[in-house]
Amino acid sequence: MGYLDFTGVLSRSDLLLKGMLLTAQISVVSMVFALMIAVLVASICLSSSRLVRLPALAYVEAIRNTPFIVQVFLIYFGLPSFGIRLDPIIAAILAMSIYGGAYCSEVIRAGIQSITKGQIEAGRALGMSPLTIFRYVILKPALAAVFPSLAAQFILLLLSSSVVSAISVPELTGIGNDIQGITLRNMEIYLVIAAVYVILVALLKGSMTVLERVLFPFKFLGR
Amino acid sequence: MFQQFSLTHVQFMLTGLGWTIGLAMIALIGGSIAGSAIALMRVSVNPVISRLAQFYIFVVQGTPLLVTLFIAYFGATYLGISVQPIVAIAVAFSFYAAAFLGDIWRGAIQSVPKGQREGAHALGLGRADTLIHIIVPQAVRIAIPPTVGFFVQLIKNTSLASVVGIVELTRTAQIVSNATFKPLEVYMTAAAFYFLVCFPLTLVSRGLEKRLKS
């Protein structure tokens, strides 16, 4: 058994910090886009017309039943066949948003379905416009109801960001591969990287708990 | 000169699909054995044992699978064990599956109504007998749909083994794509293969879940 020597890895902590920041950035940006896609797709999935529903359902099933890395390769290596060449970071954000959007849309759909009809009818009776009803009577309570599941999806999205190192995005795992190439201390670097991811996940979990209290204070009334 | 994307390539990718399914099966079996241990530890009345399992789940679920694979890949040689990379990767997938299956099964065990346990106690059954004869048979029914769902995740996630050079479906697609320079067609074919395996399983999982609810 070899011995562990972390000096080579830790002396490059500035690189690690850069990678960590990029991981955080692409993850947060993708979460926002994924949420927007998810709300749109979930509303389409609940449409009464089969023809309207079909493309949205096909999107969700196609993404959920194929590996993320293949989706990344399709966007980064496949799109140039249509003359669309993307920067690796843009391709990564696009892939993560599309991927996260499919999973989150299922969560949000469940949330919207949990809103009882009476609520919507009450909104109508109060003279609210359909848009106001959607925003305040359907969407906000729906998001509040499924927020923990949504947070879990965001954590999975953060972890999946490591896969985009395969298209040479210099995020945490990509930086790890680089440092591994320089120092050849492969075991040490990946242990450090794993620890950083665990910390990032814990941070995200914590901020999601805080965010839930800020966004949906009504959930905590009377507790 | 690039090769034409032909039936030979598709056949090559089908052998890759075989390895994908094989790897997922190994991970399911290995993960089931370790996962049952994790689930039982998690519901243990001993707080140390329960916390230990909880920590294991937290760390494995908080690490990207790709990094876990790298650690296993390099870790085997580091520990002085000389094994084929495929063996190290299969072990890593089993550890990964154990964390998720352990968590799923813990949920299943805990969702068996409390009255069942109390009834068994009233009949004079011991803790072990209650678990084996009363709780587990009912928990299995609850656990099957999410377990099938997780198997779909496993099949998809074996694609990450391509990064450390295991020649499964995604790796064969990379090889074919480099030889033919037709990435769109090749990766679409790979995606279609994955879909044809995963989608029926997704439907089965969903069907079982519906039957359980009714």
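**Notebook: a two-chain helical model**

I started with residues 89-108 of chain A, which are 100% helix and 0% strand, with end C-alpha atoms 27 Å apart. Helices here are DSSP runs of H or I with at least four residues, strands are runs of E with at least two, and both are numbered from the N terminus.

I noted that this is a predicted model, in which local features need pLDDT of at least 70, side-chain atom pairs count only at pLDDT 80 or more, and totals for chains, interfaces and linings use all residues. Residues are numbered from 1 along each chain as its sequence is written, while chains are lettered from A and ligands numbered from 1 in the order in which they are written.

**Chain A**

I looked up the UniProt record next. Its unreviewed entry gives "transmembrane region" for residues 20-44, 56-77, 89-108, 142-169 and 189-211 of chain A. UniProt positions are in the numbering used here, feature names are shortened, and annotations may be inferred rather than shown by experiment. I checked residues 56-77 of chain A as well: the span is 86% helix and 0% strand, and its end C-alpha atoms lie 24 Å apart.

Chain A as a whole has nine helices and zero strands. I read its C-alpha trace as about 70 × 50 × 25 Å along the principal axes. Of its 223 residues, 40% are buried; a residue is buried if 20 or more other C-beta atoms, placed from the backbone, lie within 10 Å of its own, exposed if 12 or fewer, and partly exposed in between. Two residues are in contact if their C-beta atoms, placed from the backbone, lie within 7 Å. Among chain A contacts between residues at least 6 apart in sequence, 76% join residues at least 24 apart.

**One helix pair**

I then took α2 (residues 13-45) and α8 (residues 172-183) of chain A, whose axes come within 7 Å and cross at roughly 155°. Axes are lines fitted to C-alpha atoms, for helices over the stretch in contact, and angles run from 0 to 180 degrees between N-to-C directions. The crossing makes α2(A) roughly antiparallel to α8(A) (angles over 145 degrees). From α2(A) the contact uses L15(A), L16(A), K18(A), G19(A), M20(A) and T23(A), and from α8(A) L172(A), G174(A), I175(A) and I179(A). I sorted the residues of this contact into six nonpolar, three polar and one charged. Ala, Val, Leu, Ile, Met, Phe, Trp, Tyr, Cys and Pro count as nonpolar, Asp, Glu, Lys and Arg as charged, and the others, Gly among them, as polar.

**Chain B**

I found eight helices and zero strands in chain B. Its C-alpha trace spans about 80 × 50 × 25 Å along the principal axes, and 39% of its 214 residues count as buried. UniProt (unreviewed entry) places "domain: ABC transmembrane type-1" at residues 17-205 of chain B. That span is 83% helix and 0% strand, with end C-alpha atoms 21 Å apart.

**Between the chains**

I looked up the contact of the two chains: 28 residues come from chain A and 31 residues from chain B. On the chain A side, α3 (50-64), α4 (68-78) and α9 (186-215) each supply at least two residues. α9(A) gives the most to this side, with nine residues. The chain A side divides into 19 nonpolar, eight polar and one charged.

Last, I checked the largest nonpolar core, which has 115 residues. Such a core is a set of buried Ala, Val, Leu, Ile, Met, Phe, Trp, Tyr and Cys residues joined through C-beta atoms within 7 Å. V72(A), L69(B), I89(B) and A190(B) have the most contacts inside it. Not counting residues up to four places away in sequence, A190(B) touches V70(A), M13(B), L169(B), T170(B) and A173(B).

Key
Parallel < 35°, antiparallel > 145°, perpendicular 65-115°, else oblique.
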